[in-house]
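Here is a short tour to read alongside the model on your screen. Have the sequence to hand as well, and take the topics in any order you like.

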Amino acid sequence: MAKAKKSQVVKYNKWGYIFLIPFVLVYLIFQLIPLFTTIYNSFFENYRQGIVQVGPNFVGFQNFVTIFTNGDIPTYFSNTMIMWILGFVPQILISLLLGAWFSDTRLRLKCASFFKTVIYMPNLIMASAFAMLFFTLFSDIGPVNSLMIQMGLISQPYKFLSHTISARGLVAFMNCLMWFGNTTILLMAGMLGIDSALFEAAQVDGATSTQVFFKITLPLLRPILLYVLITSLIGGLQMFDVPQILTNGDGSPMRTSMTLIMYLNKHLYSKNFGLAGALSVFLFIITGILSLIVFKFTTQEEK
Amino acid sequence: MKKKLLSALLSVAMVSALLVGCGDSAPAAEAPAADTAAEAETPADDTAAEAPAAEATEWTVSDDGKVLNIYCWNEEFKSRLTDHYPGYEEVDATHGKIGDVDVVWTIVPSDDNAYQNNLDETLLGQADAAADDKIDLFLVEADYALKYVDTPYTVPVTELGVTDADVAEQYQYTKDVVTDSNGQLKGVSWQGCPGVLIYNREAAKEVLGADDADTVQAAVKDWDTFQATAAQMADAGYKMTATANDSFRVFSNNVSTKWVENGAINIDANIKAWVDMSKEMVDAGQTGTADLWSDDWSAGFYPEGKVFCYFGPAWLINFCMAADDASSIAAKGGWGACKGPQGFFWGGTWICGANGTDNASLVADIMKQLTCNADIMTEIVKADDDFVNNQSAMDAMAADASYSSKVFGGINPLPMYVEGVKTIDLSKLTNYDQGCNEEFQKAMKDYFEGNATYEEALDVFYKGVTEKYPELTY
């Protein structure tokens, strides 16, 4: 009997592995193998000169040295971070406020689910379509400029994409607009997970809603907040489509809105797999460290 | 598994962090080594690139194909073929028929280099492709013609059956563009692209007092006069040109040095002159800084755009200036043309035969009919306002008073083109021109708008060019 039971378990296990095959295959072909070939490629000089292939010649760490010493990585890394912070700060503040309102049972908000849908909407639009829309809205002869001129606010069209502040600001604003709904939903889920007895006890003790928010909600929300922060940071590091389309791939003005991935994309022109590979490996390491923090943090919570 | 991955990842991170730490002392030692390596390689690369061309006696062309594959980036060539090639029948948007040969069009727009990327990949796979998938004919532009012409992927026209006598009437510059380093002609063009200054008649009347070509020419006869007229135009509320980039080609076509000399990026004195003039004009509000082809640029095709002039060749007028839109200036015949400060050309499309084609005689016939047959070419001029690549036909048309252009309000602009085409000199072309021209205009935009000094903008230009062409230095 015991023997039969054991083989039954093995049989079930077999199904588990079979069901895993599609994922593992897809993961291997589209993630793991490219990952290793990227790392491999980053050690080679490998590009196309016109239609003539140069390399691959092994150059060791030359590609890494190049991207760090010519100032590209530091510049584009800081561009990316500045635009991410500009977008993330307002995003998290708005999301906290909305999340608190939506999860507060005392407010009895009407049509809550309607509003939840509405604030999530911008995330459903394709980022490139969204960027195209903003590109048209904020062009030199676009509706925003003509509106402001007609209202008498300015006499000459303001070139939004020719000034560092406004170009970065637009990118940040769009990212904020696209992602605040998503963050709100996440934070709200976290807030609803907090034991309602704590809120009731606080009310009985006469705490104001500000006190409740800062003394109860925020501390208990910390794990979710950290998760939101890190995932948004990883997303921010990979920022591409919005600034790419908005600035036509140039990161104008003076490449101040060029992100790391846009820079990576620049190397596609010459099929420069060596430099692009080195850059990807750098990004992989940074993202890996960030993911590690999330991983550590979430496993600690379980204990 | 996950832990192993993570530990591997961490060790990679640690090793790279160590290397970054070493970075300070390492580059000094390594940089010269890298330079010599690059120098040592350059000649090697050159011979590698030339070797196949030199031994390229084995052109594989045959004549038994059932499918003619044509690669191009817009509808222009297709409409020329449809309208003027005898025996071409249109099947649908991307298919046609010539006799019993199916014509398949692969039209990929040039934006973001998509056309060339696609063409590169297909040409690289040409040898292994199935007979019906092999490229037979593809189009190139002057900016990057050498990239394809100077390789074994393009077949000399003589191999296809187009003789020197056939192309005798073509303008010499159109042949210079597609002649490879061994002196073999590898493409032909049906059009010439001498440019003229296209001016807004209404603005000319208002500011200069008359709209005839002589008056306007006197006001734009050289760049100093051009700038003085720009000031007058600005006072009257007109921009001289839609953007600073409009005049770029006029300057860049009259350079005395190449973009790349001995592997190093080189800024010609005339290019610098463009920068200085444009900076002054932008600062004075006489021109804008938008990109060519942007909405801000094409706003001047309409009366409300208030732009005095554009620089362009025949195709700009008949293809791009919104002549089919009733509210545009072109539809009302509101443009005039004069020679402008300097002669220049813009664009042009060359037909190249791909090595490995299996429709050699058909490709040759298309080349002959469209670029050597004087009757068909005259027809193209009349139907499409194009400037064709046939000296005697154009001379005859230029003298013909009965021919006139609708967009130019009934004048015959051909004498101007014929005069312009003689001054075109394409000896300073390199296969880096496209990237250099694009990056330079982009970078200078920041200088014109006051976001950077000239030197800073130049740095961005160098950066952009070396990203595109890693082999170059500056």
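**Briefing on the predicted model**

In chain B, B:Ile198 stands opposite B:Ala337, a residue of strand S13(B). Please keep in mind that this is a predicted model. Chain B holds 20 helices and 14 strands, and 43% of its 474 residues are buried. Among contacts in chain B with a separation of 6 or more, 75% are between residues 24 or more positions apart.

- Is S14(B) enclosed or open? Six of its six residues are buried, so the rest of the structure largely encloses this strand.
- In a regular strand, side chains alternate between the two faces of the sheet.
- Both faces of S14(B) are covered: buried residues B:Thr349, B:Ile351 and B:Gly353 lie on one side, and buried residues B:Trp350, B:Cys352 and B:Ala354 on the other.
- S5(B) pairs with S14(B) in the antiparallel sense over five bridges, and here B:Leu137 stands opposite B:Gly353.
- Strand S6 (residues 154-155) of chain B also runs antiparallel to S14(B), joined to it by two bridges; B:Val155 stands opposite B:Gly353.
- Strand S7 (residues 187-188) of chain B is another antiparallel partner of S14(B), with two bridges, and B:Gly187 has B:Cys352 as its bridge partner.

**Helix H3 of chain B**

- Which residues of helix H3 (residues 76-84) of chain B are buried? They are B:Phe77, B:Arg80 and B:Leu81.
- Looking down the axis of H3(B), you will find these buried residues within an arc of 95°, so they line one face of the helix.
- The cover over the buried residues of H3(B) includes strands S1 (67-72), S2 (88-92), S5 (137-141) and S14 (349-354), together with H15 and helix H16 (374-384), in chain B.

**Nonpolar cores**

- In soluble globular proteins, nonpolar side chains tend to be buried together.
- The largest nonpolar core here has 126 residues, and B:Phe138 and B:Ala145 touch the most other members.
- Helix H15 (residues 360-371) of chain B gives the most to this core, with seven residues.
- Leaving aside neighbours within four places in sequence, B:Ala145 is in contact with B:Val140, B:Val177, B:Val178 and B:Trp350.
- Another core lies apart from this one; it has 48 residues, including A:Ile73, A:Phe160, A:Ala167 and A:Val171.

**The two domains of chain B**

- Chain B divides into domain 1 (67-193 + 347-399) and domain 2 (196-344 + 425-468).
- Taken over C-alpha atoms, the centres of domain 1 and domain 2 of chain B are separated by 29 Å.
- How many residues of each domain are in contact with the other? In chain B, 17 residues of domain 1 are in contact with 14 residues of domain 2.
- On the side of domain 1 of chain B that touches domain 2, helix H5 (145-149) and helix H7 (172-177) each supply at least two residues.
- H7(B) gives the largest share of that side, three residues.

**A residue to look up in chain A**

- You will find A:Val144 in helix H6 (residues 143-150) of chain A.
- Within 10 Å, A:Val144 has 15 other C-beta atoms, so this residue is partly exposed.
- Setting aside neighbours within four places in sequence, A:Val144 is in contact with A:Leu137 and A:Phe138.
- A:Phe160 is 16 residues from A:Val144 along the chain, and their C-alpha atoms are separated by 10.0 Å.

Conventions:
Residues are numbered from 1 along each chain as its sequence is written. Chains are lettered from A and ligands numbered from 1 in the order in which they are written. This is a predicted model: local features need pLDDT of at least 70, side-chain atom pairs count only at pLDDT 80 or more; totals for chains, interfaces and linings use all residues. Helices (H or I, at least four residues) and strands (E, at least two) are DSSP runs, numbered from the N terminus. A residue is buried if 20 or more other C-beta atoms lie within 10 Å of its own, exposed if 12 or fewer, and partly exposed in between; C-beta atoms are placed from the backbone. Two residues are in contact if their C-beta atoms, placed from the backbone, lie within 7 Å. A nonpolar core is a set of buried Ala, Val, Leu, Ile, Met, Phe, Trp, Tyr and Cys residues joined through C-beta atoms within 7 Å. The arc is that of the directions from the helix axis to the C-beta atoms. Two strands pair if DSSP finds at least two bridges between them. Domain bounds come from an automatic or database domain assignment.
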